[in-house]
Amino acid sequence: DSYRGDSVKVGIIDSGLNYDHEDFLDSSGNTKMNGDSKYYAYNYAQSKWEYYQASTHGNSYLDDSLGHGTNVASAVASAINGIGGLGIAPNVELYIFKVTNESNGYEFGAIQCALLEAVNLGLDVVNMSFQSYEQAVSYNSSSMAASTGCSTTLTSYLNKAYNAGITLVAAAGNYNTSVPSYPGSNAHVINVGSLSSDGTTKAPFSNYGSTIDIVAPGYVNVASKTSNSSYTNTQGTSFSAPLVTGAIALYKQKN
């Protein structure tokens with residue numbers, strides 16, 4: 001009860017944030033999202049990545065069109081304000097890195113940019129609730145095609161972040177498979193699986209196997225992108241990971 005993540009810098013690499021949501025406002029009614037948060041977009045005409053920084057270009061560039069990033073950030077940093085929910089570490093300095101394209105696909109190049117920026121900003125913990133596989137996987141009606149080289153594409157950037165002192169956390173995946181997912185199965189990344197709703201066994205959807213480092217609750221009620229006062233029940237390793245990220249933030253503050 002003595003710790004809330006104060007002064008710990010946490011980065012969420014995801015689909016952006018519903019930054020005006022009541023659970024992401026400070027006591028003055030301003031967004032808790034740090035002004036150094038960035039959205040990365042590829043300039044095809046000049047063949048390069050460009051960024052739009054919240055404090056320079058406006059918060060709207062970080063708006064969450066998918067909703068996933070808002071759910072993830074909520075598990076870490078929803079405020080203690082007497083309404084809605086609350087995050088594991090609600091007082092962290094929250095940095096949002098939006099890395100999805102117009103089709104809501106996660107871009108490797110944008111993720112690389114975000115990892116480098118995390119190093120530049122001296123972040124303490126970075127959450128990555130996404131994954132790719134080098135062989136196709138499926139579970140029920142959901143499937144993901146193979147992505148050649150996904151185990152190596154981010155490796156040097158993950159290593160740079162790790163060597164800079166950043167703790168890296170990733171979601172293991174929701175395909176009930178032992179097939180390794182990345183970046184979770186990369187070296188220096190804490191790979192998080194999900195517990196069942198009663199907390200006693202593996203969640204039915206959760207990936208498993210030797211590359212899983214830790215498990216955490218996988219069923220959450222979190223802030224939603226639908227409106228600035230809406231919430232949603234959801235499930236997945238994507239939300240187990242930020243619970244671990246939040247716990248690490250508390251540990252970082254204490255130690």
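S47 is an exposed residue, with a relative accessible area of 52%; here exposed means over 50%, buried means under 20%, and partly exposed is what lies in between, all with a 1.4 Å probe and protein chains only. S47 sits in the loop between β2 and β3, and its phi is near 50 degrees, a positive value in a residue other than glycine.

Some ground rules come next. The model is a predicted one, in which local features need pLDDT of at least 70 and side-chain atom pairs count only at pLDDT 80 or more, while totals for chains, interfaces and linings use all residues. Residues are numbered from 1 along each chain as its sequence is written, and side-chain values use heavy atoms, leaving out hydrogens and water.

Zooming out, the protein has six helices and 12 strands. These elements are DSSP runs numbered from the N terminus, with helices being H or I over at least four residues and strands being E over at least two. The C-alpha atoms fill a box of roughly 50 × 50 × 35 Å along the principal axes. For 255 residues, a compact globule would have a radius of gyration near 18 Å, and the 17 Å of this protein agrees with that; the radius is taken over C-alpha atoms, and the globule rule is 2.2 Å times the number of residues to the power 0.38. Buried residues make up 50% of the 255. Of the contacts with a separation of 6 or more, 67% are between residues 24 or more positions apart, a contact being heavy atoms within 4.5 Å.

The sheet is the next stop. Eight strands form an open sheet with mixed pairing, in the order β3-β2-β4-β1-β5-β8-β9-β10. The edges belong to β3 (48-53) and β10 (214-217), each of which has a single partner strand, so one side of each is left without a neighbour in the sheet. From one strand to the next, the twist averages 25 degrees. Strands count as paired if DSSP finds at least two bridges between them. Strand β1 (residues 9-14) runs parallel to β5 (residues 125-128) over four bridges, and V10 has V125 in β5 as its bridge partner. Helix α2 (residues 68-77) packs on the sheet, where it touches β1, β4 (93-98) and β5, and its direction makes about 160 degrees with that of β1. Axes here are lines fitted to C-alpha atoms, for helices over the stretch in contact, and angles run from 0 to 180 degrees between N-to-C directions.

Y39 stands opposite Y52 in β3. Four residues lie between the two strands of this hairpin, which is where S47 takes its positive phi. Y39 also turns up among the contacts of T100, along with D14, S15, G105 and Y106, once neighbours within four places in sequence are left aside. T100 itself is in the loop between β4 and α3 and is buried, at 2% relative accessible area.

Two helices were checked for length, with the expected span being 1.5 Å times one less than the number of residues. Helix α3 (residues 108-120) has 13 residues and reaches 19 Å from first to last C-alpha, close to the 18 Å expected. Its buried residues include G109, A110 and I111, and the helix is followed by G122, whose phi is positive, near 70 degrees. Among the buried residues of α6 are F239, L243 and I248.

N140, in the loop between β6 (137-139) and β7 (142-144), has a positive phi near 55 degrees and is exposed, with a relative accessible area of 70%. The peptide bond from Y182 to P183 is cis, with omega near 15 degrees, and P183 is found in the loop between β8 (167-171) and β9 (189-195).

Lastly, the cysteines. With a disulfide taken as a pair of cysteine sulfur atoms within 2.5 Å, the count comes to zero. The sulfur of C113 is 19 Å from the closest cysteine sulfur, in C150, too far for a bond. C150 counts as buried, at 2% relative accessibility.
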